[in-house]
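Okay, thanks everyone. Let me put the structure up, and then we'll talk about charged side chains.

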Amino acid sequence: MTDNPLSSPSLLPVLERIASALERMSPSGVSPLDFSTGATAFVWHTEPDRLEPVESVNAVDYDLLQGIDHQRQTLLQNTERFAGGFPANNALLWGARGTGKSSIVKAVHDKINREQSPKTLYLVEIHREDIPSLPRLLAILKKADKRFILFCDDLSFDAHDDSYKSLKAVLEGGVEGRPGNVLFYATSNRRHLMPRDMIENEMSTAIHAGEAVEENVSLSDRFGLWIGFHNCDQNTYIAMITGYLEHFDFPDFSQEELETIIADAKEWSVTRGSRSGRVAWQFIQNLAGEHRVHLSGVNPS
């Protein structure tokens, strides 16, 4: 009877090296969240999976968010309930670019942690391209005795992208569903997260057009809160400008100087073709540079 060649003593060191190499190549488990750093925000990365602490969140002061009083109050109330351990809804913040959708999420998180529940509410950002890894991320978060806002900025889906199906399952439809200590907030320029031509294309090619539309639109239905954002009127835009002037350490402008600044701000919005919080902030940055004023580093978006 022939001996098994794999049992040869000369092969054992080779097999051990192969086994060690395979072990190094295999993905290791993600370490539990480390809250000792004091960070209240993390960014989720893949390849390898890891949660990177954010030392300083780029958040604008809640009270500086002008022209979106109803939106910010709605999201604040929903988030306060969640932070207090009560039922709350996933939220979809949709609408025009630069109107404060992502800023309001970070501002609400900052306000609650500073004024109400210090270091009990955590913000975890996940990038759009990492949505398929959501189940792995949720498996980590549900083990932590904390409450998390899972935040995806600029969420949308295009043709031939079926990762939205995994998001639907995570939000409500799956067997396990969303952990009770996790809430999902997303921003998008699209109310239904998909372009109109994608929905119309599926209507034209599906056997049952109505069912195709229902499949796509039902994703946004998983969000209990729809909060719309729109370009502001001129009075609101000017209120943003004056609010920034009062908040930051600008010189005490004379009435004539202030009128000139307001006129320049109006012209600034005309050259950009819109009035929004982002446009107002860009004007303030330009003005601060002219007057050598240091801003606090916030970057509304």
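This is a predicted model: local features need pLDDT of at least 70, side-chain atom pairs count only at pLDDT 80 or more; totals for chains, interfaces and linings use all residues.

Let me start with D49 and R136. Those two form a salt bridge, and the closest N and O atoms are 2.6 Å apart. Now look at where they sit: D49 is in the loop between β1 (41-45) and β2 (50-53), while R136 is in helix α4 (residues 134-141), so this pair ties together parts of the chain that are 87 residues apart in sequence. As for R136, its relative accessible area is 43%, so we call it partly exposed.

Next up, R114 and D61. Their side chains meet in a salt bridge too, at 3.9 Å from N to O. Again we have distant parts of the chain being linked: R114 belongs to helix α3 (residues 101-115), D61 to the loop between β2 and α2 (69-83), and they are 53 residues apart.

R114 has another partner to mention. E115 forms a salt bridge with R114, with 3.9 Å between the closest N and O atoms. E115 comes out partly exposed, at 46% relative accessible area.

And which residues end up in one network through shared partners? That would be D61, D110, K111, R114 and E115, joined by their salt bridges.

Okay, that's my bit. Over to you for questions.

Conventions. Residues are numbered from 1 along each chain as its sequence is written. Side-chain values use heavy atoms; hydrogens and water are left out. A salt bridge is a side-chain nitrogen of Lys or Arg within 4 Å of a carboxyl oxygen of Asp or Glu. Helices (H or I, at least four residues) and strands (E, at least two) are DSSP runs, numbered from the N terminus. Buried means under 20% relative accessible area, exposed over 50%, partly exposed in between (1.4 Å probe, protein chains only).
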